[in-house]
Amino acid sequence: MHIVRVQALNDFAEWRGKARQLLAAGLSPEQVEWRMVGEAGGLFGDVEEVPLPAASGPVGSVPRQFLDLAAQAICHSDPARFSVLYRLLWQLQSDNQLLGNAVLDDNSLLTKWAAAVRRDSHKMKAFVRFKSIVDDSGLERFAAWFEPDHYCLELTAPFFARRFDGMMWAIITPYASAFWDGESIAFGPGGRKSDVPQDDAVEGDWKTYFSSIFNPARLKVAMMKSEMPVKYWRNLPEAELIAPLIRGAREAEKSMIERAASQPPSRHLRQAAREIAEEKRSDIKSLTDVRSAVQTCQRCPLFEHATQPVFGEGPEHADVMFVGEQPGDQEDLAGKPFIGPAGAVFDEALAKVGIDRSRVYVTNAVKHFKFEPRGKRRIHQRPDAGEVQACKFWLNLERDLVKPKIIVALGATAAQSLLGKSVTVGKLRGESLKIEDGTTVYVTNHPSYLLRIPDAEGRAREAIKFEADLAMVRDAIAAS
Amino acid sequence: MAALTLRRKLAVLSDAAKYDASCASSGSEKRNSAGTGGIGSTEGSGICHSYAPDGRCISLLKILLTNFCVYDCIYCVNRSSSNVERARFSVEEVVRLTLDFYKRNYIEGLFLSSGIIRSPDYTMEELVRVARSLRQDHKFAGYIHLKVIPNATAELLTEAGRWADRLSTNIEMPTDLGLEALAPEKKPSEIRTAMARVRGKLDEAKPDLKSKAKPAKFAPAGQSTQMIIGADGADDGAILNRAAGLYSGYKLRRVYYSAFSPIPDASSRLPLRAPPLMREHRLYQADWLIRFYGFDVPEIISGGEGGLLDLSIDPKLAWALRNRARFPVNVNRADREMLLRVPGLGTKSIDRIITTRRHHRLRLDDVARIAGSIDKVRPFIETEDWTPGGLTDDQRLRARLTPQPEQLSLF
């Protein structure tokens with residue numbers, strides 16, 4: 001039996017050096033007993049101590065994951081940590097996939113220890129409470145007393161150094177202490193609670209905040225205790241408020257509820273909302289009026305999920321009006337029509353045939369974006385007949401005020417809105433249709449149709465047809 | 001009127017802020033004060049420095065700059081018609097409190113909101129001044145969350161995003177009609193437009209692989225929102241649909257659900273009863289399933305009755321009980337997507353099951369070990385040595401898996 005003496009409670013480098021020596025000497029875990037320096041006795045009583053072999057041969061490699069977990073687990077307070085780690089290290093020599101097997105005893109112990117240490121370290125980051133000490137020269141320093149369950153001060157101190165660079169601070173625990181002077185961390189022996197001042201000038205403000213931010217109507221004491229275990233309370237200045245706050249909570253909540261009154265039924269609220277929303281057509285005299293009136297439109301349910309209505313854009317008396325289906329994701333966010341991918345296709349085609357976009361009026365049959373949320377994206381959904389019908393109110397106002405000679409319906413939805421019946425684009429494209437008020441209507445595809453064609457060849461073919469339709473519109477504008 | 005002491009202002013203006021559920025300080029860029037002589041750091045995951053007896057974490061100094069407000073939203077304690085005590089911090093006072101608290105390790109940073117005073121621009125400018133002073137005058141590297149005031153100018157929004165880690169605009173109510181009824185001056189489309197603008201700036205701030213120029217920083221912890229649950233008549237389906245629409249439209253990091261709780265000097269149009277905390281809890285669970293477990297809203301709602309989630313069991317279990325034909329799932333063979341549907345198994349357990357089954361086939365004991373508890377899992381899985389037989393379809397299964405109501409201790 002070899003007895004290995006460990007100096008530090010939690011020094012991974014020290015354990016690693018000794019473990020490498022043992023491995024190189026080929027000593028199995030059963031041949032080794034780990035003890036702290038000065039610790040007597042052990043599992044087998046007073047065995048004869050054999051000095052550590054001086055062998056330093058090559059040793060195998062271990063997965064990175066083991067090193068990370070072991071560096072944490074070595075801070076655990078369980079005295080068996082040194083020997084369990086060596087046992088795992090030994091087994092890893094013959095099976096380096098071992099750590100993937102979550103149900104192995106030593107594995108789950110290692111994971112559990114590392115998790116306990118991480119939690120303890122996290123709680124230290126959370127529950128250390130610095131107290132300010134100002135000396136006669138006006139120099140301010142900060143000190144905190146903390147009682148961790150494990151030996152995790154050394155592991156956690158760098159966090160405080162990164163966070164409180166411009167502050168001089170000390171953290172004292174029962175087993176060790178850490179000091180930051182603005183340049184480096186120094187570690188020293190453990191201390192006592194009385195090494196740290198009991199009072200702090202800002203503590204009163206903190207307690208005021210703690211009691212004011214608490215909502216007495218939402219008592220969830222078990223939840224609080226699971227996240228802030230009672231063992232930490234004795235060093236948290238705010239903890240003394242917890243009992244009185246809980247005692248007073250019921251009374252505080254009751255007094256608010258006692259003044260309760262009944263709520264009107266939800267349909268009443270909905271009705272009231274609708275009455276405000278109804279707009280009067282007689283008040284609308286210009287495109288600017290329509291633009292502002294459409295902001296509050298609730299004629300169909302689409303307003304609820306779209307960002308905003310997207311109104312038409314273009315000169316007040318344009319000769320030609322393009323009507324699309326509905327705004328897409330980007331149009332919805334920006335509040336402008338035809339600016340997304342389909343808008344780019346549209347602009348390109350217009351430029352190719354020589355129509356100046358700034359001289360035409362561009363709008364949509366439906367003003368709100370209809371979509372289906374899917375994860376982080378909004379998938380376009382085609383508006384139904386009811387939504388198209390409801391939104392015709394706005395399109396008609398735009399037509400009345402712009403008075404275009406030519407209207408181009410981009411896609412079936414726009415054609416449906418303008419012609420008042422559901423139509424097939426393929427059957428009507430290339431024709432000029434007169435509608436009842438004398439306007440000429442052309443029907444073609446929506447530019448997004450081109451984007452949905454998967455093969456480049458098909459897309460190019462359809463682009464030519466689309467541009468031919470627009471060229472016909474261009475010629476009609478010139479002739480008008 | 002005698003001037004209020006700083007402590008009295010703190011009491012008033014933190015009391016006024018306690019109805020906002022968000023206190024998160026996670027998900028930002030990593031940064032620290034090392035070598036700067038300043039203070040503060042953010043390391044990705046946030047830290048809860050304390051817990052109030054309401055079970056909510058205290059991570060940030062959450063206060064209003066002022067609780068004076070020109071709006072009259074009836075669900076809000078700070079509405080103009082309310083008779084609560086009013087106070088207003090100066091910019092310097094908020095900066096000092098934040099630094100004092102931060103240096104004592106009480107907080108991770110500041111969450112600053114405000115009642116609307118004078119104009120949206122004026123109010124937003126005040127919030128921005130606090131953040132700018134912390135960052136520039138005091139080299140503060142801790143977390144800052146600013147509330148976006150809808151209708152403030154784009155320039156102010158850009159500057160807010162430059163100093164803040166996170167921005168938020170509260171949607172307030174699950175439905176537009178609910179909001180219009182309770183907050184007549186707030187326009188739902190203005191709130192959503194504000195979120196759309198933040199999203200646009202977040203997109204712009206993403207580094208472009210093609211260009212070498214680094215875009216200006218903008219709110220690295222993204223944006224979030226809150227809606228109040230139970231003040232209007234919206235059901236859980238409407239709430240989750242709203243959330244799904246917000247996540248997909250504005251790339252929100254989080255939607256916070258805040259059970260409406262009685263407020264002092266409440267309007268008679270509100271339901272003044274104990275806040276629906278269990279409903280809020282189930283909504284958070286459902287939200288989690290949507291974001292991390294591949295569930296969609298109709299699936300989750302189908303686990304409950306009449307558009308409402310089942311309050312007595314969690315939404316994943318509720319869904320599983322109504323879709324028993326898809327169980328049992330063989331833990332040694334099933335793909336990750338299907339394992340994610342098993343009640344009682346979380347993403348971490350599933351990762352461990354998947355790595356372990358490369359070594360050997362799992363037995364029921366192994367799953368119990370990994371999952372921590374096997375009772376809820378057992379009826380829905382098959383292992384090397386276990387098959388649930390008729391248990392999966394047992395009519396009493398629901399009753400067996402429903403936790404017995406227990407008297408909670410007051411202390």
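Modeller: In chain B, six strands make an open sheet in the order S5-S6-S7-S8-S9-S10, with parallel pairing. Two strands count as paired if DSSP finds at least two bridges between them; strands (E, at least two residues) and helices (H or I, at least four) are DSSP runs numbered from the N terminus. This is a predicted model, in which local features need pLDDT of at least 70 and side-chain atom pairs count only at pLDDT 80 or more, while totals for chains, interfaces and linings use all residues. Residues are numbered from 1 along each chain as its sequence is written, chains are lettered from A and ligands numbered from 1 in the order in which they are written, and side-chain values use heavy atoms, leaving out hydrogens and water.

The edges of the sheet are S5(B) (60-64) and S10(B) (254-259), each of which pairs on one side only. On average, neighbouring strands are turned by 20° against each other, direction ignored; axes are lines fitted to C-alpha atoms, for helices over the stretch in contact, and angles run from 0 to 180 degrees between N-to-C directions.

Two helices lie across the strands. Helix H8(B) (277-292) lies across S9(B) and S10(B), running at about 165° to S10(B). Contact here means heavy atoms within 4.5 Å.

Chain B also meets chain A, in a contact that takes 93 residues from chain B and 91 residues from chain A. About 7,900 Å² is buried between the two chains, 58% of it on carbon and sulfur atoms; buried area is the accessible area (1.4 Å probe) that two parts lose on being put together, summed over both. Arg163(A), Tyr209(A) and Arg218(A) supply 11% of what chain A buries against chain B, more than any other three residues.

Nine salt bridges are counted between chain A and chain B, each a side-chain nitrogen of Lys or Arg within 4 Å of a carboxyl oxygen of Asp or Glu. Arg218(A) makes one with Glu280(B), their closest N and O atoms being 2.7 Å apart. On the side of chain A that touches chain B, the largest share, nine residues, comes from helix H6(A) (residues 203-213).
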